[in-house]
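Try each task first, then follow the solution step by step.

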Amino acid sequence: MKPTIVILDERISASMVGVTGKADCEAQVCPATDPKFGDYQANGVMPLAKQLKTDPRKLAEKVVEGLDVSDICELPEIAGPGFINLRLKPDFVADRLLKINADPQNRLDIAKAEKPETIVVDFSGPNIAKQMHVGHLRSTIIGDCICRFLEFLGHNVIRQNHIGDWGLQMGMVVYALEDVYWEQDEPKLNLEILEQEYKRIVELEKEDPEIADKVRKRTAELQAKEPLAMRYWREACGITMSECYRLYVMMGVNLSTIHTVGESFYKDMLTDVVEELKKKSLAVESDGAICVFPVDSTGSPQAGFKNKEGEPLPLIIQKSDGAYLYATTDLAAIRYRINELKADRIIYVTDARQKLHFEMLFAVARMAKWVSDDIELSHVMFGSVLGEDGAPLKTRSGENVKLKELLDEAVKQARKVVDEKNADLPDDEKDRIAKAVGIGAVKYADFSNNRTSDYVFSFDRMLAMDGNTAPYMQYAYARIKSIGRKAVDRDIKAEKELKGITNLNITEPSELDLAKHLVRYGEAIEAAINDYRPNYLTSYLYELAQKFSVFYTNCPVLDAGAEKRPTRLLLCDLTAKTIEHGLKELLGIEVVDQM
RNA sequence: GCGCCCGUAGCUCAGUAGGAUAGAGCAUCGGUUUCCUAAACCGAAGGUCGCAGGUUCGAAUCCUGCCGGGCGUACCA
């Protein structure tokens with residue numbers, strides 16, 4: 001079913017049109033800023049009154065007169081300069097809860113998108129011969145999260161892991177691997193050794209021209225697809241990616257070989273990209289490089305694309321030495337995704353520093369008419385992960401923090417807490433909980449921050465049981481599950497009571513408060529996905545858990561009388577289902593039955 | 001220099017087209033446990049929303065200037 005807020009917005013907007021005769025009125029319904037104003041408020045009358053130069057309160061009165069929301073709300077009230085305040089009827093809330101409970105599709109009565117799109121989401125993007133580090137965390141989990149949202153809404157989502165497996169450094173990787181194979185009789189290669197060797201070659205190459213020559217040779221061999229070079233390259237890719245896949249599994253991120261379509265995939269399309277842009281007279285030579293200068297429809301340089309000297313800034317697609325760059329690959333990828341994958345929308349999840357690159361990239365792709373106007377290109381950017389000192393998170397020696405080490409540490413610290421709080425549980429159970437809590441804490445902390453800003457990474461804060469954290473959410477869930485176990489002990493048939501339930505008995509304020517919030521899950525999902533901002537969902541879930549806690553302290557469930565118990569069992573069950581759905585399905589965070 | 005992002009409680013952060021008295025959590029102080037997990041709940045205190053103007057019924061939010069921080073700015077990704 002449609003979110004209530006949408007229904008109200010449509011009806012009030014329609015009434016505004018009816019009253020004023022003006023098309024496209026916007027009711028601007030949003031959640032009430034204060035509970036004393038009700039549940040929702042419409043702000044749209046005031047700007048409209050200004051436009052029509054009329055008294056906003058009088059206009060609001062007319063809008064309310066022409067409005068029928070009696071099936072949903074109490075009589076709308078006009079307040080202040082022209083707000084319309086709306087308060088849900090308890091019967092309406094109860095009815096929605098029953099619908100959610102009875103949803104045959106098991107999706108908490110949340111409607112799918114009206115028109116499903118094919119959406120390509122480009123995220124994670126690790127590099128060959130390097131371990132994933134903290135810099136890959138956000139792209140990987142935010143990208144996965146966005147995919148989960150879109151999939152739940154019924155879109156055809158195509159995950160693309162645009163790995164760095166081609167280009168300049170690959171010659172070094174091949175040489176490094178070759179070197180190791182030569183030196184060792186029985187090479188026991190793993191990613192750590194490969195990374196070390198790769199770094200060693202990078203250093204050597206700087207000083208030793210002989211090495212540099214060899215690396216150049218290997219690069220050329222690889223470009224020419226010589227079997228041995230290709231074999232080493234494939235070896236490096238295999239070693240790197242199998243470790244990445246392990247980490248994805250550990251993080252609950254759905255990325256596997258079928259999603260891995262990296263730079264090398266586009267290597268044979270690059271010449272064509274450059275040729276076509278030349279043919280369209282968009283690509284020109286400048287300082288020896290082949291460039292495209294983004295211009296607007298009038299032919300003048302687009303604002304913002306300027307260099308230090310104030311001259312137009314080019315998107316370089318071929319270096320003066322003939323080599324291609326990431327802009328070239330990205331352009332080839334756009335064409336492939338639109339022409340072959342039939343994308344209606346392409347989403348790039350990368351850090352904010354690449355903003356300019358994507359702005360220019362999108363501009364050039366549109367200039368070349370490779371992207372029609374109805375196709376949406378989005379750069380979903382995010383800030384950096386900082387250490388406690390406010391600088392980007394690094395180890396003491398100044399290295400990037402390895403993602404695996406960071407996750408292991410989170411699990412270790414979570415395990416310590418589990419040991420303290422729940423010593424009686426069996427070891428394997430403790431391990432499971434520690435993993436869910438530790439990994440969940442890292443992911444939840446990331447999601448709950450505003451995507452676009454930097455945030456300070458702190459194990460202590462993300463593992464805290466108070467506040468907007470994964471453990472708090474998981475704890476709320478575990479408490480509900482505990483009620484279920486207690487019900488079994490007491491021979492209470494909770495499932496049977498829930499199944500036969502036809503009307504609710506909501507009387508306590510904390511019951512109604514919780515019920516109203518449960519009914520708004522769909523709104524939270526919509527708000528979150530519209531702006532690709534998971535923190536709107538975490539805020540919702542946190543409030544849900546808080547409201548449940550209030551209800552839990554005030555309202556006994558199992559000891560409630562026969563006329564109250566089914567209602568309370570339903571509130572518990574739907575809260576658990578909503579938390580589980582939000583955490584597991586949409587955020588990819590595990591829940592546990594006890595902790 | 002130019003462009004983009006940011007500046008909100010002591011700390012870490014929210015604030016969903018410009019809406020009503022700016023919200024959480026941590027830390028601080030005080031209270032709640034014969035009762036379904038106290039890993040919880042309730043309460044108190046804490047603010048010139050960087051500064052100064054402007055736009056209007058209304059500004060943390062939009063505009064201008066300034067101060068402070070981050071990032072980017074032609075052959076890395």
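**Exercise 1. Find which residues of α18 meet which residues of α20, and describe how the two helices cross.**

Solution. 
Step 1. On the α18 side, S510, E511, D513, L514, H517 and L518 take part, and they meet Y540, E543, L544, K547, F548, V550, F551 and N554 of α20. Contact here means heavy atoms within 4.5 Å. Helices (H or I, at least four residues) and strands (E, at least two) are DSSP runs, numbered from the N terminus.

Step 2. Sorted by class, this contact has seven nonpolar, three polar and four charged residues. Ala, Val, Leu, Ile, Met, Phe, Trp, Tyr, Cys and Pro count as nonpolar, Asp, Glu, Lys and Arg as charged, and the others, Gly among them, as polar.

Step 3. Now the geometry: the axes of α18 (residues 509–518) and α20 (residues 534–554) come within 9 Å and cross at roughly 155°. The two helices are therefore roughly antiparallel, a label for angles over 145 degrees.

A note on the model: it is predicted, so local features need pLDDT of at least 70 and side-chain atom pairs count only at pLDDT 80 or more, while totals for chains, interfaces and linings use all residues. Residues are numbered from 1 along each chain as its sequence is written, and side-chain values use heavy atoms, leaving out hydrogens and water.

**Exercise 2. Decide whether A545 is buried or exposed, and list its contacts.**

Solution. 
Step 1. Locate A545 in helix α20.

Step 2. Its relative accessibility is 0%, so A545 counts as buried. Buried means under 20% relative accessible area and exposed over 50%, with partly exposed in between (1.4 Å probe, protein chains only).

Step 3. Setting aside neighbours within four places in sequence, A545 is in contact with Y472, M473 and A476.

Step 4. Compare sequence with space: A545 and T578 lie 33 residues apart in sequence and 10.0 Å apart, C-alpha to C-alpha.

Methods. Chains lettered and ligands numbered in written order. Axes fitted to C-alpha atoms, helices over the stretch in contact; angles between N-to-C directions. Parallel < 35°, antiparallel > 145°, perpendicular 65-115°, else oblique.
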